[in-house]
Amino acid sequence: MIVDDFEKAEISHFFKVVERKKGNYVKAAGKYACFYQEIENDDVAGNGPKALEYLRSKAKVVPPFYQEDYQEDFISSVSGHDGSVIIKYSAKLDL
């Protein structure tokens, strides 16, 4: 997902895994602040605003805010937590 407006903290784009084709979005090159969080799958959608607040408390970042998840099967086999996923949250540093 992508959040384009930090003040509204609403999802503006949502991506899903599809057959490999030419992409229609390019994440801008640059330096990004990011963190990873293990979270229950059912809590992922509602966690975005809290994650954005946490990231903004640690670094000066600019929109958009990205949320990327990792394969659930892989996570449950590594972490031993069935039903949880690891999410990567990131935003470009305002340098």
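Asp94 counts as partly exposed, at 36% relative accessibility; buried here is under 20% relative accessible area, exposed is over 50%, and partly exposed falls in between (1.4 Å probe, protein chains only). This is a predicted model, in which local features need pLDDT of at least 70, side-chain atom pairs count only at pLDDT 80 or more, and totals for chains, interfaces and linings use all residues. Residues are numbered from 1 along each chain as its sequence is written, and side-chain values use heavy atoms, with hydrogens and water left out.

**Salt bridges**

- Side chains of opposite charge can pair when their charged atoms come close.
- The count comes to three salt bridges, each being a side-chain nitrogen of Lys or Arg within 4 Å of a carboxyl oxygen of Asp or Glu.
- Asp94 takes part in one of them, with Lys60 (3.7 Å, N to O).
- Lys60 sits in the loop between α1 and β3 and Asp94 in the segment after β4, so this pair ties together parts 34 residues apart in sequence.
- Lys60 itself counts as exposed, at 60% relative accessibility.
- Glu68 and Lys27 also meet through their side chains (3.3 Å, N to O).
- Glu68 belongs to strand β3 and Lys27 to the loop between β1 and β2, so here the linked parts are 41 residues apart in sequence.
- Glu68 is partly exposed at 32%, and Lys27 is partly exposed at 33%.
- Glu7 and Arg56 make a salt bridge too (3.6 Å, N to O).
- That pair links distant parts of the chain, with Glu7 in the loop between β1 and β2 (32-40) and Arg56 in helix α1, 49 residues apart.
- Glu7 is exposed, with a relative accessible area of 65%, while Arg56 is partly exposed at 40%.

**Strands**

- Helices (H or I, at least four residues) and strands (E, at least two) are DSSP runs, numbered from the N terminus, and two strands pair if DSSP finds at least two bridges between them.
- Strand β3 (residues 61-69) runs antiparallel to β1 (residues 2-3), and two bridges join them.
- Val3 has Phe65 in β3 as its bridge partner.
- Seven bridges join β3 to β4 (residues 84-93), again antiparallel, and Val61 stands opposite Leu93 in β4.

**Ala51 in the helix**

- Ala51 has its place in helix α1 (residues 44-58) and counts as buried, at 3% relative accessibility.
- Leaving aside neighbours within four places in sequence, Ala51 is in contact (heavy atoms within 4.5 Å) with Phe35, Phe65 and Tyr89.
- Tyr36 is 15 residues from Ala51 in sequence, and their C-alpha atoms are 9.8 Å apart in space.
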